[in-house]
Amino acid sequence: MIVGLTQLAYIVATTLFIFALHWMNTPTTARKGVFAGVAATAIAVIVTWAQPGVVHHGWIVIAIIAGFIVGVPLSQVPLTAVPQRTALSHAFGGLAAGLVGTAEYYLWLSEGPEHLTAFRMIAIIAEIILGYLTFTGSLMAAGKLQEVKWVPQRPVTYPLQNVSNLLLFGGALAIAVALALHPTAAWAPTLFPVIIGLALAFGVLLIIPIGGADMPTVIAILNSYAGLSAVAMGFVLDNKLLITAGALDGSSGLILAIIMCKAMNRSFTNVLFGAFGQVRHTTASGEEKVYKSETVEGAAQVLEQANFVVIIPGYGMAVAQAQHKVRELYDQLKKRGITVKFAIHPVAGRMPGHMNVLLAEADIPYTDLVEMDEINPDMPQVDVALVVGANDVVNPAARTDKNSPIYGMPIIDADKARSVFAIKRSKNPGFAGIDNALYFSDRTWMLFGDAKNVIGELVKQLAGSTH
Amino acid sequence: MNSDLWAMLYVFVLASFIGLGVIRRVSRLLYTPLMSLTNAISAIAVVGSIIVTGGDYPLRIRVLGAIALFASMTNIVSGFLITDRMLKMFKTGDRRGGAERS
């Protein structure tokens, strides 16, 4: 009877989870999705807690309260810090899976070795490898995104990196096979922590060669791993709710990772093992090219004359916290009857959808946020393209220069606009270290300075000239 | 046990395909909230953590469970809250400047 009720509740929770994701297909229904998710989780927690096997309640209460104490402030971070928060929560998800897998193994080892079938052992090992690898990998990713001092920002590469990683992974796999075949052997309990150690190390090694521009893909992959570790936990505990919820998360991360890879014209393996940084030096040298700078006054005059302005935001907008100033500029231009759209590149920023959230925070209607593929055909009709802290995603070298490391990557065709203003903090090359041909084009004028200040000045100029 | 294994694999494969189908239709505007939502959903690992923490098991096992429970609970709370916080910000042109969070 109890078993039947539990299973029924789990099926209801599964259905609600699927609806939660389904409602995310448009911003108008998306919030319903959150409520469905909360309801499903609440049902699952209550039903599980009510199981006869659960007899100690004190620690559960304490852990749940502690979860609230840490979780509520974590949900209030500024939206520019959302990539770090997301990476951190992948780390928590991985840690939970790893710990439960460890606990189950030692529990069955001492109290019911007959439970440790080869199949279950494989599931446990998959769970702990995925879990611990996601844990340290996501911590590293969060550290890179937060620009923590002791985490290297630039990709770290060393000779034979991929070979040593493969050897490490091969070693872990060999131990995994040995453990799956002899889960209760005398040496098994001592070998088990070795796998944990290898998985922890592997997570770190997987992330250190990856640069900031690849973070959207990496976060999506870690998202997928966190989901798959929950699936493995489901196999270990014979729990189908865990399997379905984990599979939904796993496929979500996978789809996002594929979309991010396509948007950079790169393959999965290339992102993970390609170490983008290595090719950097090939294009960085060459003769000095000249930028044309423009004053804020001049730029404001050109903007006033325009009919159609496209703003192309990038990570620099997030760094400078310029989204609210951008919105003031948007208002000023709109007031003059100018059409203003935002062109969003899929990998702009540090995680999928990063720019959309920042612009939505600044109260810009999402109907004016346009995807790359939709805006590109209109670019030749655009009077002014204003590049705010974006770099590689508007670099025409991706279309023209076969030697460029970003060759083949789909870009927003800013160079086709009638004129381009690019706001840039300094004359240094962007994150990927590649020269941007757009900045040297006849139609491009540079506005050097912090994005927030430059746009603030633009707004002032426009506001001053209304009367 | 054996038939159960196959049933679980069935569930996994079918759920993955449902996931692929549903996620593919998610609005591109919402990829960031999607990530935090799936994060909270996969924190369903809380179920496993509760069983380990609350069971009549040796202390060290339950300690591991309690830490896992804390980690998943953090993800559930922060994941759902921040998703909702972000989704509230997505507005169309005609409702601008409307209800902000208090």
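Student: Which residue in β5(A) stands opposite Ala385(A)?

Tutor: In this predicted model, Ala385(A) stands opposite Val420(A) of β5(A). The two strands concerned, β4(A) and β5(A), run parallel and are joined by five bridges.

Student: How do you know that β4(A) and β5(A) are paired?

Tutor: Pairing requires at least two bridges between two strands.

Student: What makes β3 and β6 of chain A the edge strands?

Tutor: The sheet is open and contains six strands in the order β3-β2-β1-β4-β5-β6, with parallel pairing. Strands β3 (369-371) and β6 (444-448) each pair on one side only. The twist from one strand to the next averages 25°. For β6(A), the pairing is with β5(A), residues 419-424, in the parallel sense over five bridges. Within that pairing, Ala422(A) has Met446(A) as its bridge partner.

Student: What makes β4(A) mostly covered?

Tutor: Five of the five residues of β4(A) are buried. A residue counts as buried if 20 or more other C-beta atoms lie within 10 Å of its own. Val384(A), Leu386(A) and Val388(A) point one way from the strand, Ala385(A) and Val387(A) point the other way, and all are buried.

Student: Which helices lie across β2 of chain A, and at what angle do they run to it?

Tutor: Helix α14, residues 323-335, lies across β1, β2 and β4 of chain A and runs at about 145° to β2(A). Helix α15, residues 354-361, lies across β1, β2 and β3 of chain A, and its angle to β2(A) is likewise about 145°.

Student: Why are α6(A) and α7(A) called roughly antiparallel?

Tutor: The axes of α6(A), residues 161-181, and α7(A), residues 188-207, come within 10 Å and cross at roughly 150°. Angles over 145 degrees count as roughly antiparallel, and the two helices are therefore placed in that class. Their crossing is left-handed.

Student: How do the residues of the contact of α6(A) with α7(A) divide into nonpolar, polar and charged?

Tutor: They divide into 17 nonpolar, two polar and no charged. On the α6(A) side, the residues include Asn165(A), Phe169(A) and Gly171(A). On the α7(A) side, they include Phe192(A), Ile195(A) and Phe202(A).

Student: What makes up the side of chain A that touches chain B?

Tutor: In total, 94 residues of chain A are in contact with 80 residues of chain B. Elements supplying at least two residues each include α1 (2-22), α2 (30-49), α8 (215-237), α15 and β3 of chain A. Helix α4(A) gives the most, with 16 residues. By class, this side of chain A divides into 55 nonpolar, 31 polar and eight charged residues.

Notes. Residues are numbered from 1 along each chain as its sequence is written. Chains are lettered from A and ligands numbered from 1 in the order in which they are written. This is a predicted model: local features need pLDDT of at least 70, side-chain atom pairs count only at pLDDT 80 or more; totals for chains, interfaces and linings use all residues. Helices (H or I, at least four residues) and strands (E, at least two) are DSSP runs, numbered from the N terminus. Axes are lines fitted to C-alpha atoms, for helices over the stretch in contact, and angles run from 0 to 180 degrees between N-to-C directions. Two residues are in contact if their C-beta atoms, placed from the backbone, lie within 7 Å. Angles under 35 degrees count as roughly parallel, over 145 as roughly antiparallel, 65 to 115 as roughly perpendicular and the rest as oblique. A crossing is left-handed if the near helix is turned anticlockwise from the far one by less than a right angle, and right-handed if clockwise. Ala, Val, Leu, Ile, Met, Phe, Trp, Tyr, Cys and Pro count as nonpolar, Asp, Glu, Lys and Arg as charged, and the others, Gly among them, as polar. A residue is buried if 20 or more other C-beta atoms lie within 10 Å of its own, exposed if 12 or fewer, and partly exposed in between; C-beta atoms are placed from the backbone.
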